[in-house]
Amino acid sequence: MPAATIFEAFGIAITTLSHPYVLLTIVLATILGLFMGVIPGLGGPTALALLIPLTFNMDSRIALMVLAAATGGTAFGGSLTAILINTPGTAPNAATLLDGYPMTKQGRAGEAIGASAIASAMGAIFGIVILILSMPILLQAILWFGPAEIFLLGLWGLSIVSIVVKGNVTKGLISAALGLLFAMHGISGITAQMRWTYGLTFMQDGVKLIPPIVGLFAVAEMIDLMAKNTTISNETDNVEIEGKVLDGVRSVFIHKWIFLRSALIGTLVGIIPGVGGTAANYIAYFTTSQSASDSENFGKGDIRGVISSEASNDAKDGGSLIPTLGFGIPGSATTAILLGAFVLHGITPGPVLMQENLDIVGVIIVALVVANILTSLIGLMLTKRIVTLTNIDIVYVAPVVIILSLFGSFAVQNNVFNIFITLFFGLLGFLMITIKMARVPMILGIVLGPIVENNFWRALQLSSGDPVIFVSSPVSIVLLFLLVASLIVPKLDRFSPGEYQ
Amino acid sequence: MSDTAEAGESRSRERRLSGLLYVTLFTWIVILLWQALQWGNPEDWLFPVIVGVPLLGLIAIQFIRAVRLRHPESLFSNREHGDASTLSAEAPDGDEQPKSVLRDPDAWDRALMTIGWLVVLSVLLYYVGFVITTPLFLILFIYSFSRDPSRSVLVGTGTSIAMYLIFIEILDMVIWRGVWHI
């Protein structure tokens with residue numbers, strides 16, 4: 001029986017979690033996420049894309065708990081390498097190294113890790129609290145969004161992500177538009193017209209979400225890393241976890257206002273569709289450094305830099321779930337994959353989820369809270385072991401990841417041709433990395449393409465073909481304004497968060 | 001080769017690759033749009049055209065930026081015009097200058113080799129399936145780069161066994177056995 005309120009949903013989630021098998025699975029998923037967060041190319045979206053096949057035969061609630069737990073794990077795993085060896089395991093951890101690594105060089109690695117662990121866990125909980133508090137508003141706000149509004153929201157999400165990701169705006173928009181075109185391949189959901197199937201039977205089903213994600217992130221990253229022939233670091237033999245962890249923990253409470261502001265920034269940035277963790281990370285860090293009276297200390301081992309970066313990085317997860325769960329519009333590449341996992345398990349994100357599957361929402365929230373707490377505890381215990389993973393030569397990691405990726409792609413529909421689609425996107429992704437074109441907008445284009453097109457036509461059907469429907473409500477006018485502003489403002493103002501990356 | 005000349009060569013390679021990619025994309029999208037306009041129903045072609053036409057414009061803009069058609073012959077030759085130091089300046093589109101695969105010929109060779117292996121992998125997977133291909137690919141791929149036979153066999157075999165146990169025995173998943181059903 002579906003939960004009627006979010007508190008009933010929490011009750012169902014906690015009951016699910018209390019089963020020893022489920023709890024053990026969550027712990028294992030968290031540890032796996034920690035390890036994967038350490039290895040470049042495996043954090044965040046890639047880790048989830050590789051884990052999805054493992055969850056196929058699981059109950060949908062447990063599957064989503066596993067994925068939420070892994071998400072929490074990868075975030076902290078990435079911060080460990082950022083602090084200890086100056087190499088962020090995932091892009092959203094990039095700002096952490098600015099002060100984290102100098103602290104390691106000063107013999108204060110333990111302090112940095114302690115601060116990171118607590119700031120991460122509390123930041124995640126902060127973001128989730130905002131998510132929970134916003135749910136009554138969200139449930140009401142959903143009613144304001146009809147097909148025209150969802151169409152405009154999807155377009156705005158695409159335009160925003162195209163602008164704030166790494167690289168220039170034009171390339172970002174090209175990437176997003178290509179994603180939209182890929183999404184239109186296959187049988188049209190409106191007229192059943194076969195569009196761009198190239199005469200291939202398997203293309204009638206179109207381009208599903210998982211093969212492109214796996215290709216663009218996992219396979220492309222492995223090609224790139226193989227090309228650069230990296231071992232992540234040769235320094236791990238010399239890594240010493242000196243310094244007092246508890247000092248780092250205490251510092252988060254001493255700088256509680258910095259923590260709160262950074263967590264709020266992370267949550268708000270996470271809400272904006274498509275922006276993701278990297279922008280939140282840097283925005284929070286630079287806000288903190290610029291507002292400090294002694295800003296010259298930042299970048300030289302200031303604990304405040306670690307706190308602000310990690311708090312925002314983990315708070316954004318809660319924020320990015322708001323558009324993902326509420327409207328079915330991903331807040332980031334990671335939530336785009338979570339959305340794919342929803343669909344695979346027969347769950348439709350968006351208004352239907354909020355109204356009929358609130359227990360799923362509760363499951364994800366509880367899993368994120370538990371995972372972030374576990375991540376910090378386990379991460380503190382296993383730091384040295386985890387970091388030694390960075391010594392592994394990419395020659396051994398890459399083929400394993402590639403095989404796992406292709407297996408995962410095949411397993412989505414037991415369709416061998418998904419392997420070819422994955423490899424195509426892997427090659428495309430590598431070319432995009434080489435010419436510095438962001439890949440996240442393409443994924444969002446693939447995710448949002450059907451949403452945008454279907455709602456476009458639904459809106460016109462509702463209005464009997466009158467395009468005025470797209471400007472007929474206050475919400476649609478606001479969204480249209482935001483859309484135009486997001487396209488024009490970057491041309492007027494050269495500032496872009498991407499330039500900090 | 002000096003750093004400046006190396007940066008110049010890297011930018012030249014990037015321009016050629018970018019130019020080639022944009023030309024390919026432009027051509028592909030023109031073909032897609034032409035096909036789309038053959039569909040009779042506006043509900044089929046309108047949205048693709050709304051997306052595709054501006055996309056062509058964006059690609060044209062990027063192509064011009066990428067190859068800097070003030071010197072069109074630079075698209076086809078290795079000679080660069082102007083002072084090489086200007087080539088290492090920040091590109092006008094505001095792109096960063098992170099370390100690029102194109103800067104290192106060895107990196108590009110490794111990339112091509114990896115891609116070649118992926119082509120071989122896809123053919124093997126299609127015909128003989130995962131059970132045979134996985135250990136074969138892992139062992140040969142690792143050996144081709146590391147030249148360490150014992151480690152190649154150890155990692156390849158161990159990973160294959162682990163994957164078999166996890167995916168087939170524990171998770172009971174269906175795997176592809178290949179067109180030849182091995």
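Biologist: Confidence first. What ipTM and pTM does the predictor give the complex?

Modeller: This is a predicted model, and the predictor puts the ipTM at 0.82 and the pTM at 0.76.

Biologist: And what is the mean pLDDT of chain B?

Modeller: Chain B averages 78, with 76% of its residues at 70 or more.

Biologist: Which elements of chain B have the lowest and the highest mean pLDDT?

Modeller: The lowest is helix 3 of chain B, residues 84-87, with a mean of 30. At the other end, helix 4 of chain B, residues 105-146, has the highest mean, 92.

Biologist: Where in chain B does pLDDT stay under 50?

Modeller: Over residues 70-98 of chain B. The model still has 41 contacts beyond four places in sequence for that stretch.

Biologist: OK, switching to chain A. How many helices and strands are there in chain A?

Modeller: Chain A has 20 helices and two strands. Its length is 501 residues, and 67% of them are buried. Taking the contacts in chain A with a separation of 6 or more, 78% are between residues 24 or more positions apart.

Biologist: Let's look at a helix pair. At what angle do helix 5 and helix 13 of chain A cross?

Modeller: Roughly 140 degrees, and their axes come within 7 Å. Angles over 145 would count as roughly antiparallel, so helix 5 of chain A is classed as oblique to helix 13 of chain A. The crossing is left-handed.

Biologist: Which residues meet there?

Modeller: From helix 5 of chain A you have A:Asp99, A:Gly100 and A:Met103, and they meet A:Ile303, A:Gly305 and A:Val306 of helix 13 of chain A. By class, that contact has three nonpolar, two polar and one charged residues.

Biologist: Last one, B:Met163. Where does B:Met163 sit in chain B?

Modeller: In helix 5 of chain B, which spans residues 149-170.

Biologist: Is B:Met163 buried or exposed, and why?

Modeller: Buried, because its relative accessibility is 10% and the cut-off for buried is under 20%.

Biologist: What does B:Met163 touch, leaving out residues up to four places away in sequence?

Modeller: A:Ile403 and A:Leu404 on chain A, plus B:Thr134 and B:Ile168 on chain B.

Biologist: And how far is the C-alpha atom of B:Met163 from that of B:Val131?

Modeller: 9.7 Å, with the two residues 32 apart along the chain.

Technical notes. Residues are numbered from 1 along each chain as its sequence is written. Chains are lettered from A and ligands numbered from 1 in the order in which they are written. This is a predicted model: local features need pLDDT of at least 70, side-chain atom pairs count only at pLDDT 80 or more; totals for chains, interfaces and linings use all residues. Side-chain values use heavy atoms; hydrogens and water are left out. Helices (H or I, at least four residues) and strands (E, at least two) are DSSP runs, numbered from the N terminus. Buried means under 20% relative accessible area, exposed over 50%, partly exposed in between (1.4 Å probe, protein chains only). Contact means heavy atoms within 4.5 Å. Axes are lines fitted to C-alpha atoms, for helices over the stretch in contact, and angles run from 0 to 180 degrees between N-to-C directions. Angles under 35 degrees count as roughly parallel, over 145 as roughly antiparallel, 65 to 115 as roughly perpendicular and the rest as oblique. A crossing is left-handed if the near helix is turned anticlockwise from the far one by less than a right angle, and right-handed if clockwise. Ala, Val, Leu, Ile, Met, Phe, Trp, Tyr, Cys and Pro count as nonpolar, Asp, Glu, Lys and Arg as charged, and the others, Gly among them, as polar. pLDDT is the predictor's confidence in each residue, from 0 to 100.
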